[in-house]
Amino acid sequence: PPQRRTAPAPRQLLSRLVSRVQTATAKMIFSKAMLGLVLALGLVGQASAYVTPRAMPTQRAGVRTGRTIVMDGKSNAIRDRIKSVGNTKKITEAMRLVAAAKVRRAQDACLQTRPFTESVQSVFSGLVERLGSEGLALPLLTPRPDVEKVLIMLITGDRGLCGGYNNYAIKKAEARVAELEAQGIKYELMLIGNKGSSYFKSRGYPIKSVGDCGQAPTGEQATAITEEILADFLSGDVDRVELIYTRFVSLIASEPSVRTLLPLSAQGIEMEGDEIFSLTSSSGDFAVSRDDKGPAEPEQFPADMIFEQDPVSILNALVPLYLNGQVLRTLQESVASELAARMSAMQAASDNAKELGNKLSLQYNRARQASVTQEILEIVAGSSAV
């Protein structure tokens with residue numbers, strides 16, 4: 001006989017209903033996921049139209065086209081440039097501080113050599129007063145009537161990155177050479193510093209000798225230069241020795257100057273004063289204090305003093321010492337001018353790097369904002385289309 005089907009229990013019916021609902025929900029979630037994937041692929045295709053192709057060399061990431069900045073999505077170009085500018089600013093700031101420290105060192109060196117120069121000047125002035133300047137017949141103090149040849153000693157720096165310091169001194173030397181050529185006077189160049197040496201060597205000027213200037217001139221260096229120019233002058237090879245160096249005026253200004261080293265003037269030695277510059281700080285910035293010193297007071301010799309040597313021989317021995325001190329002082333002053341010019345140049349470079357970094361940061365932020373805004377607009381447009 002046929003068997004009768006028993007009706008399912010209520011619990012079984014409930015379980016079947018729950019399983020069917022779960023299956024329908026899973027199908028709905030899968031359909032939504034597929035729809036989202038299709039929408040995302042469509043957005044990627046649309047966004048690719050706004051990305052600059054890499055195959056076009058004329059358009060790069062971060063290039064401004066009109067009023068819109070085309071970005072590649074990563075902004076690597078602008079970020080790398082901002083980093084490079086920041087590193088450059090650190091280097092220039094470090095070089096400025098190093099130059100400031102060296103200026104203080106040069107200042108201390110000038111102060112240490114000043115007492116010796118004052119003593120020589122004082123003794124020389126006292127002897128001139130005792131003997132009378134009219135009767136002095138010293139070879140180094142006697143000007144020659146016919147000047148046929150001039151030795152020009154030029155002091156420049158060994159390195160660059162110091163603004164127009166080297167260029168101004170070189171132009172001053174060229175102007176003086178042009179004057180001598182116009183007068184028909186022969187000349188030779190004695191070049192102290194690599195920048196001046198390389199410039200005049202490449203242009204075929206008559207050069208007698210070359211040498212380095214250095215960052216810390218010493219007495220030995222000044223003595224070697226003094227002995228060379230004294231030998232040329234006393235032997236009659238040259239009739240006059242002129243010095244072209246950069247006179248220190250302030251941290252932001254220097255002045256190329258020309259002075260006659262040989263023959264010396266007795267009155268000039270007696271009345272020559274001095275200037276002392278001190279590097280200080282004011283309101284967090286570097287500053288220079290200037291102190292003008294008058295000529296040294298003449299040494300007072302008693303009337304009954306008897307000199308073991310002839311006073312003229314003493315003067316002949318003092319003049320080279322005085323000349324040596326003047327050469328050392330001009331070397332130190334030239335180095336101080338170079339370092340001050342480097343400080344100013346590095347300060348200007350740091351300021352320019354800071355300004356450029358700010359402009360690049362603003363450009364990067366605008367480009368990033370434009371990129372984010374574009375993505376939001378694309379997403380809103382895609383959702384509206386769905």
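Trainee: Before we get going, what does "partly exposed" stand for here?
Mentor: Buried means under 20% relative accessible area and exposed means over 50%, with partly exposed in between. Val 372 counts as partly exposed because its relative accessibility is 41%. Keep in mind throughout that this is a predicted model.

Trainee: Where is Val 372 found, then?
Mentor: Val 372 is found in helix H7, which covers residues 311-385. Together with Ile 376 and Val 380, Val 372 makes a nonpolar surface patch of about 250 Å².

Trainee: Okay, stepping back, how many helices and strands does the protein chain have?
Mentor: The secondary structure of the protein chain comes to seven helices and nine strands. Of its 386 residues, 34% count as buried, and the chain exposes about 23100 Å², of which carbon and sulfur atoms supply 56%. Among contacts with a separation of 6 or more, 73% are between residues 24 or more positions apart.

Trainee: Which residues are buried in helix H4?
Mentor: In helix H4, residues 194-201, the buried residues are Gly 196, Ser 197, Tyr 199 and Phe 200. They cover an arc of only 170° around the axis, so they sit on the same side of H4.

Trainee: And what covers them?
Mentor: The cover over the buried residues of H4 includes helix H3 (165-183) as well as the strands E3 (149-155), E4 (186-192) and E5 (207-211).

Trainee: Switching to charges, how many salt bridges does a search of the whole structure find?
Mentor: The search finds 11 salt bridges. One of them joins the side chains of Glu 93 and Arg 96, at 2.7 Å from N to O. Both residues lie in helix H2 (residues 76-131), three residues apart, about one turn of the helix. Glu 93 is partly exposed at a relative accessible area of 24%, whereas Arg 96 is buried at 13%.

Trainee: What about Glu 338 and Arg 342, are they buried or exposed?
Mentor: Glu 338 is buried because its relative accessible area is 1%, and Arg 342 likewise counts as buried, at 4% relative accessibility. Their side chains meet in a salt bridge of 3.2 Å, N to O, and the two residues lie four residues apart in helix H7, about one turn of the helix.

Trainee: How far apart in helix H3 are Glu 174 and Lys 171?
Mentor: Glu 174 and Lys 171 are three residues apart in helix H3, so about one helical turn separates them. Their side chains meet in a salt bridge of 3.7 Å, N to O, and Lys 171 is partly exposed, with a relative accessible area of 42%.

Trainee: Which residues are linked in a network of salt bridges?
Mentor: Arg 176, Glu 179, Arg 240 and Glu 242 are linked in such a network. Glu 242 has its place in strand E6, residues 240-250, and counts as buried, at 3% relative accessibility. Leaving aside residues up to four places away in sequence, Glu 242 touches several residues, including Val 150, Ile 152, Arg 176, Val 258 and Thr 260.

Trainee: Last topic: how many disulfides turn up?
Mentor: A search of the whole structure finds zero disulfides. As for cysteines, Cys 162 is buried, with a relative accessible area of 2%, and Cys 213 is buried, also with a relative accessible area of 2%.

Definitions and conventions:
Residues numbered from 1 in each chain as written. Predicted model: local features only at pLDDT ≥ 70, side-chain atom pairs only at ≥ 80, totals over all residues. Heavy atoms only, no water. Patch = residues over 30% accessible without salt bridge, like charges linked within 9 Å, V, L, I, M, F, W, Y side chains within 5 Å. Areas by Shrake-Rupley, 256 points an atom, 1.4 Å probe, with all protein chains shown as cover. Salt bridge = Lys/Arg side-chain N within 4 Å of Asp/Glu carboxyl O. Buried < 20%, exposed > 50% of the residue type's maximum accessible area, 1.4 Å probe, protein only. Arc of directions from axis to C-beta. Contact = heavy atoms within 4.5 Å. Disulfide = S-S within 2.5 Å.
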